[in-house]
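Visitor: I am new to this structure and would like to learn how to read it. Could you show me?

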Amino acid sequence: MQAKSTILSLPTEELVHPGTRACTGCGLSIAYRVGLKALGKDTILVVPPSCLTVLQGLFPVASTKLPCLNVTFASTAAAATGILATLKARGNEHTTVAGWAGDGGTSDIGLQALSGAAERGDNFIYFCYDNEGYMNTGVQRSGTTPIGAITANTPFKGKLQQKKDVPAIMAAHHLSYVAACSAAYPLDLYDKIKNCLALPGTKYFHIHIPCPPGWGYDPRYGIKIGRLAVETGYYDLYEIVNGEFRLTAASEKLIEKRKLVPVREYFRAQSRFRTLTDAQIDDIQKTIDEKWAGYYKKDE
Amino acid sequence: MHIIENGNAAAALGVKLCRANVIAAYPITPQTPLTEKLSEYVELGEMKAEYIPVESEHSALAVCIAASSAGARAFTATSANGLLYMHEQVQWASGARLPIVMCVVNRAVGAPWNVWNDQQDSISQRDTGWIQIYCADHQQIIDTVIKAYWLAEQVSIPVMVCYDGYILSHTFMPFDLPEPEKVDAFLPPFKPDYFLNPLEPANLNTVTLPDVRMDVRGELAHGYMEIRCLLQEDLRKALQTAGEAEKRFAGIFGRKADPFIEPYRCDDAEHVAVGLGSITYQMRVCVDQLRAEGIKIGVMGVRYYRPFPDEAIASALKGKKGVIVVEKALSYGYEGALMSDLKSALYEYLAGTGSLPVVQNFIAGIGGREIRTDDLTQTLRAAAKGRVSKEPLWIGLRL
């Protein structure tokens, strides 16, 4: 990775107006604000129905200062392709096309179109902001809801299945760039976007997005919880550049530290995991430890 | 220049002449030869366009929607279940007022699976806010594609150009290939009022409230209902624009036709058979036979199905004793959709005049069932004698 940005080196111009319709403490507000700064003004956005549709505002008012095409739920990536094709037909090679979809719009209903665009190698950046559920429709489970999370349609037992590993699916498309980021580490997100802009083909970003109403915590603790997910080794920040995997930012530092915060702290900070038993948490801890033992070994 | 080609090639040549910028398609029989041809033109450099081989029909129209929003002239084509799979996007394209042109190569829809021709696919998209035009031969296919782009871009409404699978798509016929310079004269480059542009950012298709709302300048902006009402009004006005398209086209290419209806031996007819697409040309053979028998019958093809040319249809049928609507689709649970629409037009224009014709409905060729001209003639002969049935009757059915 090249030069690391600081909060002072970010562009001062805001591309998202303040006072959006997002919930108090929304993790997406942070990722979107910083993400657009990295993308810059010469960008066309594609957004399917999701929390971001709400954040963007109601006609005739818009909170984003970039051109944006709202599209049907399943068609974010295909729409990005359509815009790219038009730019290409016009000989415009400078404008960036970026899709911003939620986890349902990516891992479930939008996966086919995303896979199609990635296989074709269409040159755009796809952002999946993963708040781990259909939060905009009232917190239902999605493909990326983690095991154990209570949602509106996994009301008592919590979700029984594993989280779908979308970045791994996208990496299997042999992309030039795949990144896992978090709203709690906006500078890591910013630098990764900047670093991938010149890479060819489809670039995929997965962003972990703490969600106060969906996850059940006081809005002021969003960053803390996002960081806990990383510090516990539960959610990793990484990038895969032309097939080369490497941990980044706080996750990279964990390699040196050789010490993870117990994942129990992450689970117990949110009400959605309230039915997870100690034994289940121990099992998850074991899986995390095994994953990190693999990282440590690679580092040796 | 006259050439001999199949119907799909006629459509492809039309798209090429229209200089579409972005083409997206997913293969489905019997549409495939059309989009294969376009991919050839693009790969060989005969056509300067982006060809996107998408992974589904839903994405095919998504690409066209986005391309059109970004200012491109976009094209796709599909059939049957491919069109049904697009349905959400079909509605989106008209709601977003994008002048996309799509060929629908008519085919039966599942279940059960059937790859042969009927018109259930496009008829089932009747209420989506698209302009729908039906073709009866190859000349009409290529000419309609060209007219469709002009019309679509004039009124900012997408157009479906429908033609029967196999019967037209895979048969070879001679037709006049329009000269490129004339097409360029007819169809100027697409220049939308607004397209996605970082220098002039706008948020398109945002959530729109039930009621009108103030914009940042203090001016009232449309609510959802106003936007939808304008689509309806503009679709109705498009009937007039379609007439202009026909006039312009006739002026440049010399081929003159009524845009909405195609009557054959109707002037002195007491009975008129009505249909959409190639079956109306087949019925000309029946009409000739019945005329020889002394039955005063004609046939009228309906070219525009949406917006529905109600006035043109009603005035053409005024004073007739009987109307026989033969359809390759139906609104399950009632009758053919064209039947209902036609009766509604007759009621509107002829009720109380004492000259409302008897209207009968026949269903034919469903799932590619062969429509034998003898059967069709027999049906028209019987229907001309008087009302056969209140319910739609299926021609050639063996239950």
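Guide: Gladly! Let us begin with strand pairing: two strands pair if DSSP finds at least two bridges between them. Helices (H or I, at least four residues) and strands (E, at least two) are DSSP runs, numbered from the N terminus. A case here is strand S17 (residues 358-363) of chain B, which pairs with S18(B) in the parallel sense over two bridges. Within that pair, Phe362(B) stands opposite Leu393(B) in S18(B).

Visitor: How should I treat the model itself?

Guide: This is a predicted model, where local features need pLDDT of at least 70, side-chain atom pairs count only at pLDDT 80 or more, and totals for chains, interfaces and linings use all residues. Residues are numbered from 1 along each chain as its sequence is written, while chains are lettered from A and ligands numbered from 1 in the order in which they are written. The term pLDDT is the predictor's confidence in each residue, from 0 to 100. Where pLDDT is low, the predicted coordinates should not be read in detail. For chain B the mean pLDDT is 97, and 100% of its residues reach 70 or more. For the complex, the predictor gives an ipTM of 0.97 and a pTM of 0.97.

Visitor: In which order do the strands of the six-stranded open sheet of chain B run?

Guide: The order is S12-S14-S13-S16-S17-S18, and the pairing is mixed. At the edges are strand S12 (261-264) and strand S18 (393-394) of chain B, each pairing on one side only. Two helices lie across strands of chain B. To read their angles, note that axes are lines fitted to C-alpha atoms, for helices over the stretch in contact, and angles run from 0 to 180 degrees between N-to-C directions. Helix H12 (residues 373-385) of chain B lies across S13, S14, S16 and S17 of chain B and runs at about 150° to S16(B).

Visitor: And which strands stand at the edges of the seven-stranded sheet?

Guide: That open sheet of chain B has the order S3-S2-S4-S5-S7-S6-S15, again with mixed pairing. Its edges are S3 and strand S15 (304-306) of chain B; each has a single partner strand, so one side of each is left without a neighbour in the sheet. On average, neighbouring strands of this sheet are turned by 20° against each other, direction ignored. S2(B) and S3(B) pair in the parallel sense over four bridges, and Ala24(B) stands opposite Ile52(B) in S3(B). Helix H6 (residues 138-155) of chain B packs on this sheet, touching S5, S6 and S7 of chain B, with its direction at about 165° to that of S7(B).

Visitor: How many residues of chain B are in contact with chain A?

Guide: Two residues are in contact if their C-beta atoms, placed from the backbone, lie within 7 Å. By that rule, 40 residues of chain B are in contact with 39 residues of chain A. H3(B) gives the most to this side of chain B, with nine residues. To sort the residues by class, Ala, Val, Leu, Ile, Met, Phe, Trp, Tyr, Cys and Pro count as nonpolar, Asp, Glu, Lys and Arg as charged, and the others, Gly among them, as polar. The side of chain B that touches chain A divides into 23 nonpolar, 12 polar and five charged residues. The two chains also share strand pairing: strand S2 (residues 68-70) of chain A and S9(B) pair in the parallel sense over two bridges. There, the bridge partner of Cys68(A) is Asn203(B).

Visitor: Is Ala221(B) buried, partly exposed or exposed?

Guide: A residue is buried if 20 or more other C-beta atoms, placed from the backbone, lie within 10 Å of its own, exposed if 12 or fewer, and partly exposed in between. Ala221(B) has 17 C-beta neighbours inside 10 Å, so Ala221(B) counts as partly exposed. Its place is in strand S11 (residues 220-221) of chain B. Not counting residues up to four places away in sequence, Ala221(B) touches Phe59(A), Pro60(A), Val212(B), Arg213(B) and Asp215(B).

Visitor: Which residues of helix H5 of chain A are buried?

Guide: In H5 (residues 111-120) of chain A, they are Ala113(A), Leu114(A), Gly116(A), Ala117(A) and Ala118(A). The cover over these buried residues includes H3, H4, S4 and H6 of chain A, together with H3 of chain B.
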